[in-house]
Amino acid sequence: MEEYRRIADLFARRIADGRLRPGDRLPPQRVLARRHRIANSTAIRVYGELARRGLVVGEVGRGTFVRAAPPPPGAALALAEATGDAPVDLQLNYPVAEGQSELMARALTALARADVLGEETSRPAAATGTAEARAAAARVLARPGWAPDPDRVLFAGNGRQAIAAALSALVPPGGSLGIEALTYPLVKTVAERLGVRLVPIGLDGEGMRPDALAAAHRTGPLSAVYVQPTLHNPLSLTASPGRRAELADVLRESGLTAIEDTTWAFLVPDAPAPLAAHAPERVVLVDSLSKRLAPGLTVGHLVAPEPSMVEDLARALRSGAWTAGGLALAAATRWAADGTVDALVAAKRADAAARHALVLRHLGPYRIRTSPHAYYCWWELPAPWRAETFVAAAAERGIALTPGPSFAVDGGRGGGGVGRPASRRGLARGAADAVRVGLASPPLPVLAGALARLAELVERGPDGSGLRHE
């Protein structure tokens with residue numbers, strides 16, 4: 001018997017005999033690996049096997065928990081009709097366009113020739129890539145009103161590594177990073193590993209508030225700031241040109257450098273010019289091809305604000321072993337040149353709009369924040385639902401969601417942050433009462449069925465007696 005199955009069986013027996021009870025948290029994967037003297041990859045397979053058996057549920061940013069109960073027979077049957085007995089993952093966001101594999105295969109086929117596969121593609125690429133790769137990346141990253149200088153483009157293995165390199169270059173261990181009070185959870189993980197302290201900055205309907213950023217820096221001071229001005233994850237907010245100009249003014253007045261994450265911005269065809277266009281000397285722009293293309297075949301990008309920072313960022317990429325692979329960079333360069341990236345961007349914009357229509361159809365009556373261009377939806381649950389309760393109830397029915405607290409930097413106050421007390425209205429209603437619904441991964445019919453089931457679930461209420469609508 002394979003080792004991961006043997007350990008999964010051990011946990012299954014503990015759950016069956018009551019030694020592990022519903023709601024109990026299992027040890028982190030690295031702790032499990034150390035206790036059982038197994039590799040981290042094997043520990044991941046253990047928890048994956050337990051999830052496949054329906055015994056545990058994972059919550060991003062919190063851990064893995066014993067399920068409260070097996071899925072009710074009726075719910076399992078209804079889910080099977082919609083999904084073919086497969087769980088519906090509304091946590092991860094991996095958009096796949098029709099015909100994507102065929103489009104991407106053309107460049108890979110060309111690269112597979114023996115005369116092409118050489119030393120350059122079989123080892124990590126330089127942080128600065130090649131002149132051809134930089135020019136191709138600059139074309140992909142260009143937006144109306146802004147185009148990067150190819151000589152300031154650098155390459156990471158993926159978007160997370162690009163963020164890690166930017167943080168490492170700008171924020172010393174123990175330093176402070178200003179960040180939206182609700183943010184991309186993996187940035188919190190990267191900051192923790194680098195010893196960076198996060199300072200939550202208040203949000204409004206356009207994202208990060210310039211006055212709150214200035215106040216935080218006066219109190220701090222901050223070493224840098226991380227911001228998502230276009231299709232903020234998880235709120236789908238996009239800042240206006242005026243808001244970007246105000247943020248740029250704060251950066252200049254304070255001497256701060258911003259890390260602008262534009263990973264999802266490609267989905268908005270008429271998006272305002274990036275923050276980097278308003279303060280080119282004060283913004284490190286990070287991006288990735290993972291959403292445009294595929295997460296397993298991707299490259300991360302950084303654009304330095306000035307020539308003097310190119311080497312600082314390159315050094316951070318090298319020291320963290322975060323540079324791109326040679327084969328991935330060669331493939332990405334071909335995909336940019338042969339029109340594959342452009343074709344997939346157009347297809348995914350149309351796909352995101354179709355999924356947005358499903359959200360409006362099934363969740364429209366509720367307090368949701370999303371965009372016609374977004375692959376995610378922020379759902380402020382009606383009372384008395386709480387995020388963790390709803391996530392657990394959805395998991396019992398085979399639907400995986402991400403609880404709001406996973407995105408909160410300030411312990412769940414949501415839109416509060418520095419500069420304004422949290423209230424019970426708008427963005428400050430609180431992450432503890434919200435969930436993020438990822439829309440990209442399941443096929444459209446499966447997504448429609450899952451959203452309908454979530455709407456039915458929320459109406460039943462936590463105790464099954466139904467909601468009271470006033």
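**Reading the cavities, sheets and backbone**

Me: Let us start inside the protein. What is the volume of the second largest cavity?

Reply: This is a predicted model, and the values are computed from it. The volume of the second largest cavity is about 70 Å³. Its lining includes Ala133, Ala136, Val140, Phe155, Leu289, His301 and Ala336. Helices α6 (131-141) and α13 (326-337) are the elements that each supply two or more residues to this lining.

Me: How many of the residues lining the second largest cavity are nonpolar, polar and charged?

Reply: The lining divides into 10 nonpolar residues, two polar and no charged.

Me: How many residues line the largest cavity, and which lie nearest its centre?

Reply: The largest cavity holds about 90 Å³ of space and is lined by 14 residues. Leu141, Arg143, Thr262, Ala265 and Pro274 lie nearest its centre. By class, the lining has nine nonpolar, two polar and three charged residues. In total, the structure has two cavities of 30 Å³ or more.

Me: I turn now to the sheets. In what order do the strands of the four-stranded open sheet lie?

Reply: The general idea is that strands of a sheet pair through backbone hydrogen bonds, in a parallel or an antiparallel manner. Here the order is β13-β14-β17-β16, with antiparallel pairing. Because β13 (367-369) and β16 (402-403) stand at the edges with a single partner strand each, one side of each has no neighbour in the sheet. Two bridges join β16 to β17 (residues 434-438), and Pro403 stands opposite Val435 in β17.

Me: Which strands does helix α15 lie across?

Reply: Helix α15 (residues 387-396) lies across β14 (376-380), β16 and β17, and runs at about 40° to β17.

Me: Which way do the residues of strand β4 point, and are they buried or exposed?

Reply: In β4 (residues 153-156), Val153 and Phe155 point one way, while Leu154 and Ala156 point the other way; all are buried. Phe155 is also one of the residues that line the second largest cavity. Four bridges join β4 to the antiparallel strand β12 (residues 300-303), where Gly300 stands opposite Ala156.

Me: Where is Arg37, and what is its phi?

Reply: Arg37 is in the loop between α2 (29-36) and α3 (40-52), and its phi is positive, near 55°. Its relative accessibility is 80%, so Arg37 counts as exposed. Ala321 also has a positive phi, of about 55°, and is found in the loop between α12 (307-319) and α13. With 60% relative accessibility, Ala321 counts as exposed.

Me: Finally, how far apart are Ala105 and Trp335 in sequence and in space?

Reply: They are 230 residues apart in sequence, and their C-alpha atoms are 9.7 Å apart in space. Ala105 belongs to helix α5 (residues 100-111) and, at 33% relative accessibility, counts as partly exposed.

Key
Residues are numbered from 1 along each chain as its sequence is written. This is a predicted model: local features need pLDDT of at least 70, side-chain atom pairs count only at pLDDT 80 or more; totals for chains, interfaces and linings use all residues. Side-chain values use heavy atoms; hydrogens and water are left out. On a 1 Å grid over the protein atoms alone, a cavity is a set of points where a 1.4 Å probe fits but cannot get out, and a pocket is an open set with protein on both sides within 12 Å along at least five of seven lines; lining residues have an atom within 4 Å of a point. Grid points are joined across faces, edges and corners, and a volume is the space filled by probe spheres set on the points. Ala, Val, Leu, Ile, Met, Phe, Trp, Tyr, Cys and Pro count as nonpolar, Asp, Glu, Lys and Arg as charged, and the others, Gly among them, as polar. Two strands pair if DSSP finds at least two bridges between them. Contact means heavy atoms within 4.5 Å. Axes are lines fitted to C-alpha atoms, for helices over the stretch in contact, and angles run from 0 to 180 degrees between N-to-C directions. Buried means under 20% relative accessible area, exposed over 50%, partly exposed in between (1.4 Å probe, protein chains only).
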